[in-house]
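User: Could you take me through this predicted model step by step, giving the reasoning behind each answer?

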Amino acid sequence: MHSGLIVDDAMIMRMRLREILAKEFNILGEASNGQEAIELYPQYMPDFVTLDITMPLVSGIQALQALLSNFPAARVVIVSAVGQKQIVFEALSLGAKDFIVKPFEPERVLKAVKRLFTA
Amino acid sequence: MNAEYANIFIRCAVDVFQKEVGVHLTRKDLVKKSAPVPTQPISIIVGITGFIRGQVVYAIDSNFAYSVAHAMLPNRLPVDIKKVVNSAISEIANIITGQASIALAGGSGKIDLTPPVVLMASDLTIDFVDMPTISLSLISEIGVLEINIALADEEKAGQHA
């Protein structure tokens, strides 16, 4: 079973994402900001990360840059409310594998993560 | 302030509440104010920077907040209800503002949002931005959602800073 790390500053969103993903993946942990994500990634070495963008301390975009510069094979799916074209383009250019705009359907999240391992 | 901003926030709030909370919001009032000071006991503040700048202050009462949290987590009773309620109302404000930012940014602009901050009435010694504000009241079966929109393009926002 593939493993994942959930990164979102909203506890309710971490709970919802865990509920959706835990059916098919092993969720190793949660981080509530980009700094925690950068610290937890090497401890867990998850197969994928769901990453919010608007977060305190270190934003999702900053965390994405840091993660991919240290771990180029990291599979990151952005799950964010700020789906502006420029931000989507920036995240995908930096190496995010997918960009899910909140509010989302649970199936959209499951599909995006499954696709990471079938492509 | 561009009156179209109000329409964008109404549209996004109605859509997000329908999808996330299962509640239909209806526009009740629109008034102009000199600052986004809320009139309800719980506020959620989101800052906006970029070529449009300012603050959006959502305001609700505690029954409304609890209803939002229960709708977002229907299958479980949280251990720390207060934390979950704060998280739920923050996230709803984040999603509405995020959706609005997509419309405000258009195809080529970029707008950044600050993480939402939840405040209780007793905390309201905060300095809100001194900017012309449109205050919307949206009604529903769970109560009233007030949205105070104090936004201007960057040049005009600088004059009010």
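User: What is the radius of gyration of chain A, and how does it stand against the globule rule?

Analyst: The C-alpha atoms of chain A fill a box of roughly 30 × 30 × 30 Å along the principal axes, and buried residues make up 45% of its 119 residues. For 119 residues the globule rule gives 14 Å, and the value for chain A is close to that, so the chain is as compact as a globular protein of that length, with a radius of gyration of 13 Å.

User: What share of the contacts in chain A with a separation of 6 or more comes from residues 24 or more positions apart?

Analyst: The count takes the contacts in chain A with a separation of 6 or more and asks which of them join residues 24 or more positions apart. For chain A, that share is 56%.

User: Which element gives the most to the side of chain A that touches chain B?

Analyst: The contact involves 19 residues of chain A and 23 residues of chain B. Both α1 (11-21) and α4 (85-94) of chain A supply at least two residues each to this side, which by class has 11 nonpolar, 5 polar and 3 charged residues. The element that gives the most, with 4 residues, is α1(A).

User: How do α1(A) and α5(A) cross, and how do the residues of their contact divide by class?

Analyst: The axes of α1(A) and α5(A) come within 10 Å and cross at roughly 65°, and the crossing is right-handed. From α1(A), L17(A), I20(A) and L21(A) meet P106(A), V109(A), L110(A) and V113(A) of α5(A). By class, the residues of this contact are 7 nonpolar, no polar and no charged.

User: Is α1(B) parallel or oblique to α3(B)?

Analyst: Helix α1 (residues 4-21) of chain B and helix α3 (residues 81-105) of chain B have axes that come within 9 Å and cross at roughly 135°. That angle makes α1(B), relative to α3(B), oblique.

User: Which classes of residue form the contact of α1(B) with α3(B)?

Analyst: The residues of α1(B) that meet α3(B) include I8(B), F9(B) and V16(B), along with D15(B) and E20(B), while those on the α3(B) side include I92(B), Q99(B) and L104(B). By class, the contact has 11 nonpolar, 1 polar and 2 charged residues.

User: Where in chain A is the proline that is joined by a cis peptide bond?

Analyst: The cis peptide bond joins K102(A) and P103(A), with omega about 0°. P103(A) is found in the loop between β5 (98-101) and α5 (106-115) of chain A.

User: Is M45(A) buried or exposed?

Analyst: M45(A) lies in the loop between α2 (34-44) and β3 (48-51) of chain A, and its phi is near 45°, a positive value in a residue other than glycine. Because M45(A) has 12 C-beta neighbours inside 10 Å, and a residue with 12 or fewer is placed in that class, M45(A) counts as exposed.

User: What is the phi of L57(A), and where does L57(A) lie?

Analyst: L57(A) is found in the loop between β3 and α3 (60-70) of chain A, and with 13 other C-beta atoms within 10 Å it is partly exposed. Its phi, a positive value in a residue other than glycine, is near 70°.

Conventions. Residues numbered from 1 in each chain as written. Chains lettered and ligands numbered in written order. Predicted model: local features only at pLDDT ≥ 70, side-chain atom pairs only at ≥ 80, totals over all residues. Rg over C-alpha atoms; globule rule 2.2 N^0.38 Å. Buried ≥ 20, exposed ≤ 12 C-beta atoms within 10 Å, placed from the backbone. Contact = placed C-beta atoms within 7 Å. Axes fitted to C-alpha atoms, helices over the stretch in contact; angles between N-to-C directions. Parallel < 35°, antiparallel > 145°, perpendicular 65-115°, else oblique. Nonpolar A, V, L, I, M, F, W, Y, C, P; charged D, E, K, R; others polar. Left-handed = near helix turned anticlockwise from the far one by under 90°.
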